[in-house]
Amino acid sequence: MIIAVVLGVGALLSLFVAARTVDPLMEVHAWTFLTAFILGAFALASHISSPPRGEPDAYELGVVKAGVFASVFWGIAGFTAGLVIASQLAFPDLFYFENAPWSNFGRLRPLHTSAVIFAFGGNVLIATSFYVVQRTSRARLAGGLAPWFVFWGYNLFIVIAATGYLMGVTQSREYAEPEWYADLWLTLVWVTYLLVFLGTIWRRKEPHIYVANWFYLSFIVTVAMLHIVNNLAVPVSLTGSKSYSLFAGVQDALTQWWYGHNAVGFFLTTGFLGIMYYFIPKRAERPIYSYRLSIVHFWSLIFIYIWAGPHHLHYTALPEWAQTLGMTFSIMLWMPSWGGMINGLMTLSGAWDKLRTDPVLRMMVVSVAFYGMSTFEGPLMAIRSVNALSHYTDWTIGHVHSGALGWVGYISFGALYCLVPWLWKRKTLYSNTLVEWHFWISTIGIVLYITSMWVSGIMQGLMWRAYNEFGFLQFSFVETVEAMHPYYIIRATGGALFLTGALIMAYNLWRTARGDIRSGEQNLTPAPSTPSAQPIAAQ
């Protein structure tokens with residue numbers, strides 16, 4: 001009934017806005033919302049009229065399967081957009097059409113970042129969190145159809161955001177570009193997500209709350225807080241797409257980077273640590289190295305991370321004490337981050353031999369290594385004197401992608417490789433050899449990408465601060481751009497290899513879901529365990 005009311009009210013509001021707006025961009029989105037709400041109403045009516053299927057207390061795995069499909073689709077879309085804009089930086093006339101502004105780098109760049117972070121990463125987090133909380137709680141997802149509302153509502157937000165970027169609808173806020181109406185819709189969806197997750201834990205049959213759920217819950221709660229505060233805005237019109245931030249000046253910058261850095265901290269770190277704490281022990285068939293360390297890791301990480309945002313604003317109008325505060329907490333982050341890395345790696349104690357034969361486990365372990373590397377480099381770059389060289393250069397791009405491709409990408413790929421045989425009840429993956437190819441091609445791609453950006457960024461920073469004997473800048477800006485050209489080509493090559501690996505994964509997962517097994521190959525994918533109180537990690 002609640003979902004029906006939401007769909008009905010949403011359809012009426014969308015129709016009203018479509019009829020009254022004079023903003024053609026808002027009109028496109030109003031019709032998009034209306035179409036989605038009508039399709040949702042038909043789906044709801046079909047569900048109500050259909051006879052019940054399956055056991056009422058069985059795990060709800062349909063929404064997890066849908067999340068796997070969406071994750072792979074958006075991942076390939078996001079990686080493709082990244083390859084296009086990396087190629088445009090190396091060859092500016094590539095894919096540029098004067099009468100097609102949507103092809104510009106300025107519009108494709110936020111499309112790429114949102115596609116890989118929120119579309120790919122977000123769907124991976126929703127799918128894995130729905131799977132893990134059920135298995136570790138021994139309870140079906142709460143809320144009836146609410147998990148499906150979360151899935152489709154979230155992906156509707158992705159469509160609105162992506163089409164908005166291509167049309168030029170943006171707040172111009174890093175990682176928070178969608179305009180006010182998309183933000184309101186996401187708030188409704190995200191609160192529902194929180195209630196579903198909490199309701200499932202509340203109805204659990206297992207007294208213990210496994211630590212992966214702690215990390216998932218911190219990600220959901222904190223992202224909700226960050227999203228609401230950073231996106232407080234005043235619309236110019238309720239039937240127009242444009243709005244203005246509630247904050248201004250340095251307060252606006254501080255709020256943005258409080259959000260921006262903690263989007264990395266809680267969306268791209270704590271959520272994916274929840275994946276690490278469930279899927280690595282399950283795959284390795286070993287308990288977590290130290291359950292006590294995981295609790296220390298959790299509490300220290302979530303307390304320290306929230307203060308680190310001001311390190312993005314060194315040498316700005318932000319008061320120096322606030323800059324120092326952000327730098328200090330960033331350096332402190334090194335300790336809990338490496339505590340989590342050690343916990344993940346040492347989980348393989350007694351099972352290191354599996355790395356030779358199981359490429360999926362190897363991929364997840366390498367992701368933890370990238371997590372450790374990125375969480376060492378991040379505090380280093382937060383130091384004011386280092387930041388003077390690194391900030392606004394490609395060094396930052398290399399740092400971000402060592403975490404995004406190596407940590408987030410690989411732990412997500414590992415989770416997807418685990419989930420598909422479990423969800424579709426297949427004994428093995430279609431091909432472990434293809435996983436090997438995926439691993440090595442992607443790894444070479446990541447190494448090319450991040451090393452080229454490290455070299456390019458440090459060179460760029462040094463050229464910007466070089467003076468001649470007369471005290472003038474030695475290099476013009478265009479000379480630094482010219483010097484970076486070969487490194488941009490290397491970066492695009494690395495991105496192409498990473499995309500190639502993702503396409504191999506998509507093919508492998510599709511054949512696995514069909515039940516195919518590659519002839520003449522021994523697959524080592526563990527069969528899904530029977531429903532139990534806890535994963536091996538918690539027993």
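I started with the largest nonpolar core of this predicted model. A nonpolar core here is a set of buried Ala, Val, Leu, Ile, Met, Phe, Trp, Tyr and Cys residues joined through side-chain atoms within 4.5 Å. Buried means under 20% relative accessible area, exposed over 50%, partly exposed in between (1.4 Å probe, protein chains only). The largest core holds 136 residues, and Trp190, Phe267, Phe279 and Trp407 touch the most other members. Apart from it I found another core of eight residues, including Leu108, Leu111, Ala161 and Ala162.

I then listed the neighbours of Trp407. Leaving out residues up to four places away in sequence, Trp407 touches Leu268, Thr269, Phe272, Leu273, Met276, Ser367, Val368, Phe370, Tyr371 and Ser402. Contact means heavy atoms within 4.5 Å.

Next I looked at the chain as a whole. I read 17 helices and two strands, taken as DSSP runs (helices H or I, at least four residues; strands E, at least two) numbered from the N terminus. Buried residues make up 56% of the 539 residues. Of the contacts with a separation of 6 or more, 83% join residues 24 or more positions apart. The C-alpha trace spans about 80 × 65 × 45 Å along its principal axes.

Last, I checked Phe91. Phe91 sits in the loop between α3 (62-90) and α4 (105-137). It is partly exposed, with a relative accessible area of 43%.

For the record, residues are numbered from 1 along each chain as its sequence is written. Local features need pLDDT of at least 70, side-chain atom pairs count only at pLDDT 80 or more, totals for chains, interfaces and linings use all residues, and side-chain values use heavy atoms, with hydrogens and water left out.
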